Amino acid sequence: MANLSAIMTVMQTAARKASRGLIRDFNEVEHLQVARKGPADFVSRADKKAEEVIVENLQRDRPGYGFLLEEGGEIVGSDKTHRFIVDPLDGTTNYLHGIPHFAISIALEREIDGEPREIVAGLIYNPITDEMFFAEKGKGAFINDGTRGGADRRLRPSQRDIFQDSLFSTGIPFLGRPGHAKFLKELHQVMGHSAGVRRLGSAALDLAWTAAGRYDGFWERGLAPWDIAAGVLIAREAGCQVESLSGGNVVETGNIICTNAALMAPLKERVG
C-alpha cells in the first residue's frame with residue numbers, strides 16, 4: 001500500500017472535491033451550459049468550476065505555488081520553484097456526450113538545486129470509476145481501487161513482447177488540427193500488425209491505463225502539457241518507457257510514445 005506524502009494528500013483532496021461538481025453535472029449532462037471554444041473543442045461550465053475548486057484548494061494548502069491551467073492559463077506564484085499543471089476535465093467531448101470516460105489530471109513541477117523544473121508528483125482521477133492513479137518521483141506508481149474496496153496497488157506495465165498480440169491506444173487529430181494524413185499512415189501500420197487500436201478520448205487515462213498494463217502502448221501527437229504531465233510521471237514510475245516522437249522534453253513537445261521496453265522499438269518503427 002502506498003504511503004501518501006503531504007503533497008499527494010493535498011492533490012488527491014483537491015481532485016476529489018472538484019469531482020463532486022463534475023459528477024453532479026454529468027448526471028444532468030443535457031442541462032449543461034456549453035460554450036464553443038474552437039473546432040470540436042468545447043468547454044463547459046462544469047470544466048471551469050472544477051478548475052476553480054482545484055486552484056482554490058491547492059492555493060490554500062500550498063500558498064505561493066504557481067499554476068499552468070488548461071482554462072485559466074498561467075498563474076505565476078511567489079514560489080518560483082513549484083508549479084501545478086492542471087487539466088480539470090480531460091475528455092471534455094466524452095463528458096458533454098454523456099460518455100463516462102474522463103479524468104482530472106494534476107501534476108506538480110519542482111525546481112531542484114537550480115536545475116530545470118521536473119515533474120515530481122502526479123495523479124489522474126476518474127470520478128466515475130473512483131480510480132485514482134498516482135505517483136511521486138522515485139516512489140513508484142499506484143492505483144486506489146476505490147469502488148472495489150481494495151487497498152492501493154502498485155502499477156506495472158504489460159509484459160507482452162509480441163507486437164501482434166498487443167493492444168494499443170491513440171488519439172485521432174480532430175477538425176482544425178493538422179496531421180490527419182500522417183496519423184492514418186501510422187494507424188494503418190499499427191492496426192495491421194497488432195491485436196488492435198483503441199481511441200477512447202482521454203490522453204490522461206490512456207497513459208494511466210498503459211501504466212496499469214491495460215494497454216500495451218500509447219502514442220499521440222500535438223498534446224498540451226496538462227494532457228500528459230501527470231501521466232508521463234505515472235507511466236515512468238510504473239516502469240514504462242516514455243519518449244517524445246520529435247525529440248526533446250516529451251511534456252513540452254506533446255508528441256508522445258509510451259510502452260514497455262520490448263515493444264518500444266517496433267512501435268516507434270511504425271509511428272516514429
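The legends below describe close-up views of a predicted model. Residues are numbered from 1 along each chain as its sequence is written, and side-chain values use heavy atoms, with hydrogens and water left out. Local features need pLDDT of at least 70 and side-chain atom pairs count only at pLDDT 80 or more, whereas totals for chains, interfaces and linings use all residues.

**View 1. Packing of helix 1 against helix 2.** Helix 1 (residues 6-26) and helix 2 (residues 45-61) pack at an angle of about 155°, and their axes are 9 Å apart; helices (H or I, at least four residues) are DSSP runs numbered from the N terminus, and axes are lines fitted to C-alpha atoms over the stretch in contact, with angles from 0 to 180 degrees between N-to-C directions. The two helices are therefore roughly antiparallel to each other, a term for angles over 145 degrees. In this contact (heavy atoms within 4.5 Å), V10, M11, A14, K17, A18, L22 and D25 of helix 1 meet R45, A46, D47, A50, V53, I54, N57, L58, R60 and D61 of helix 2. By class, these residues comprise 10 nonpolar, one polar and six charged, where Ala, Val, Leu, Ile, Met, Phe, Trp, Tyr, Cys and Pro count as nonpolar, Asp, Glu, Lys and Arg as charged, and the others, Gly among them, as polar.

**View 2. Contact between helix 4 and helix 8.** The axes of helix 4 (residues 180-191) and helix 8 (residues 261-271) come within 8 Å and cross at roughly 140°. Here E186, Q189 and V190 in helix 4 meet L267, R270 and V271 in helix 8, and the contact has three nonpolar, one polar and two charged residues.

**View 3. The buried helix 5.** Nine of the nine residues of helix 5 (residues 203-211) are buried, so this helix is largely enclosed by the rest of the structure; buried means under 20% relative accessible area (1.4 Å probe, protein chains only). The buried residues include D206, W209 and T210. Helix 5 is followed by G213, whose phi is positive, near 80°.

View 4. F26 and Y95 form a tilted aromatic pair, 5.4 Å centre to centre with 45° between the planes; rings of Phe, Tyr and Trp (its six-membered ring) pair if their centres lie within 6.5 Å, and planes under 30 degrees apart count as stacked, over 60 as edge-to-face and the rest as tilted. The pair links distant parts of the chain, with F26 in helix 1 and Y95 in helix 3 (residues 92-96), 69 residues apart. F26 counts as buried at 12% relative accessibility, and Y95 is buried at 0%. Ring pairs link F26, Y95 and F102 into a cluster.

Definitions and conventions. Parallel < 35°, antiparallel > 145°, perpendicular 65-115°, else oblique. Buried < 20%, exposed > 50% of the residue type's maximum accessible area, 1.4 Å probe, protein only.
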